[in-house]
Amino acid sequence: MRRFRRVAVVAMVAALTATGLAACGGDGDDSGDANVLKLWHYESANSAMGIAWDRAIEIFKEEHQGVEVRFERKAFEQIQQNAGMIINSSEGPDIMEYNKGNATSGLLSSQGLLTDLTEEATKRGWDKALSPSLQTTARYDNGVMGSGNWYGVPNYGEYVMVYYNKELFAEHGVTVPTTMAEFTAAMDTFVAKGVTPLGMSGAEYPAGQLFYQLALSRADRAFVDNYQLYANPVDFKADPVRYGAETFAEWVGKGYVAKDSASLKAEDMGTAFISGKAPMIVSGSWWYGRFKSEITFDWDSFLFPGNTMHAGSSGNLWVVPETSKAKNLAYDFIDITLRPEIQALIGNNGGVPVSGDPATISDEKDRRLIENFNTISSQDGLAFYPDWPVPGYYDVLVSGFQSLINQSKTPDQVLDAIAKPYQDGVAEIKRD
Amino acid sequence: MAVTLTTRPRVTRRAGDRHRRGVGRWIVLVVVGVAALAMLVPFAFMLLNAFKSPGDYSTNGPLSWPAEFYTTGLRTYWEQVDFPVKLWNSVVISGSVAVLAVVVSLLSAYALGIGRVRGRLWIIGLFLLANMLPQEALIYPLYHFAKEAGLYNTRLAVIIIFTVIQAAFGTYLLASVLGTFPRALLEAAALDGAGRWRILWRVVLPNIRPTISVLLVFFFIWTWNEFLIPLVMLIDNQTQTIPVALASLQGDRLMDAPTTNAGALISLLPAILFFLIFQRTLARGITAGADK
């Protein structure tokens, strides 16, 4: 018996070691000749982008007979953490989705890891298909977005809007507001009836985005250039930043935002809206698909009333690593994703296409989502996100507006607290 | 022939009845029971939410009873990440590491604990650094080495790395166990003409086998749960392990709690099974030497 067990253990050990070693040899490499396109993205299969890009891959295969597409769906976390290491090796993809922004695509472009797409962009007309504020996140100069060469091509856009529960609006006799005054009047109606009008999350991005929306109601493109692209110094003690913080505090004081939302996560805010507890939330188009599939009551969205500038940007980018072995195929694929058919697919599945034609969108709600985006885009109104300018600013904003929600600090103190890291960060970036 | 130290357990439970009386015993039982229940609460939530549809979860929250028995989440996860491949990868990596690390630990601990190498305290201290250093600090050097050696994106890279890391701990533990190994036994074996190699396999190994089994189980489970190094080293879907696959359910700004729960449930089962199978060994190992 004991002998038998020993034999079994030895056999298991040998087997494991052998398979372990043998299994590692494989992973056949394709040597340069471009009949394989290795493509990675991290959108889930049933999301608007996932569906549209699946179709794009099919079209690509039809048009490139004999080319094998090796598609792998990656974890967001994995690309976020390791993109630099992955594409600096020979094991990386030929084309991949990557996050827009200075800390991600900007950084890799300045390290020479991404292919310059400028020539293709002009040749294939991508520069005309995308509006100027969408191009901002596609072009990087020494790692700073806004100008310079093309290093990525966005396929979809995103923007912050107001989602509202139509049934609660009808029940309380509130109509869709189109100006800031109507908006606050609507919220007063809810407060008078004991309903907190705005769902909020103080522990994550929503608070900072609401503040930014409020500041943007007094802002123009020049402010956004100053704040996001460091064209000129930003005075945090003057409008529009001051207005944003003070109005935010005022809204908390008036009960538009629940004081106990300081510790809530974005997920809590989303589920509060889905379960019909919050009449409105101010948040981004990334919720749209989920709301569409999970909400059982009647709901819709409208643009943040009165603003011409809105938090939002292009979505993530298609980038072509410098190590790509099939660059021309990658360019072809990007081109396919910008075609009307694919753009319409994104729109029809609850995404925001970058060059979507509302006429091709069948669902009324989807059409409004895209029309609103096109409105913002055509008036050059994408103002990006408040935490973008300097590294680590996200946490600064979260803690700042958390203390406004629970009223432990005055707007003045919060402005001081968020001004210094911003100024230090910008000084740091300018020194490089 | 194996020389075994463990004598048959002598009957020492003469005053056994003393323990069967009194409230103290019941209080302990209740406290342990409550603690066990508290440990089970997260698992209960996972189980509850694994069978809930996303809409149900968002509307009624994580505490509610599922409106329907929803298994799409489980199926989505299984298909989306190609679970059998990940399971195989995890088993190969954890299994190989557990076995190799135990062998390496045994050999180096034999040298350090029985061979009494000069300055062994420092050597063990150095080994332990491998465990004490945060993996984030190791990751870039490891990446460059792996790339230079052509092992980046292979399971072998992860196996080698974890064999070293786990063996560091194993060496530390086994060296101190072997430090107390009865000299008389070794001398007797040497007198009988056994060489060093023979002593290791015929005298030392059989006596510390319980400890080694425990190490094997620990190494397997620790490696199974490792996330960062596999995440960095294994970039192909074909080479990834289960924890990395689980992470692929997490989006940028969105999360899908029910599917994540379903994934966690499926991913947990192999580790639980492994533990149940080896549980006997584990219990034996912990009490080994208790009656010395």
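Guide: Axes here are lines fitted to C-alpha atoms, for helices over the stretch in contact, and angles run from 0 to 180 degrees between N-to-C directions. Helices (H or I, at least four residues) and strands (E, at least two) are DSSP runs, numbered from the N terminus. This is a predicted model, in which local features need pLDDT of at least 70 and side-chain atom pairs count only at pLDDT 80 or more, while totals for chains, interfaces and linings use all residues. Residues are numbered from 1 along each chain as its sequence is written, and chains are lettered from A and ligands numbered from 1 in the order in which they are written.

With those terms in hand, consider helix 12 (residues 241-253) and helix 18 (residues 393-405) of chain A, whose axes come within 9 Å and cross at roughly 40°. The two helices of chain A, helix 12 and helix 18, are therefore oblique to each other, given that angles under 35 degrees count as roughly parallel, over 145 as roughly antiparallel, 65 to 115 as roughly perpendicular and the rest as oblique. Helix 12 of chain A contributes A:Phe248, A:Ala249 and A:Val252 to the contact, and helix 18 of chain A contributes A:Phe401, A:Leu404 and A:Ile405, where contact requires C-beta atoms, placed from the backbone, within 7 Å. These contact residues divide into 6 nonpolar, no polar and no charged (Ala, Val, Leu, Ile, Met, Phe, Trp, Tyr, Cys and Pro count as nonpolar, Asp, Glu, Lys and Arg as charged, and the others, Gly among them, as polar).

In the loop between helix 11 (221-229) and helix 12 of chain A lies A:Pro240, and the peptide bond that joins A:Asp239 to A:Pro240 is cis, with omega near 5°. Most peptide bonds are trans.

Helix 13 (residues 266-274) of chain A has 7 of its 9 residues buried, so it is largely enclosed by the rest of the structure; buried means 20 or more other C-beta atoms within 10 Å of a residue's own, exposed 12 or fewer, and partly exposed in between. Among the buried residues of helix 13 of chain A are A:Met269, A:Phe273 and A:Ile274. Their cover includes helix 10 (205-216) and helix 14 (288-294) of chain A together with helix 2 (54-60) of chain B. After helix 13 of chain A comes A:Gly276, with a positive phi near 80°.

Notes: Two residues are in contact if their C-beta atoms, placed from the backbone, lie within 7 Å.
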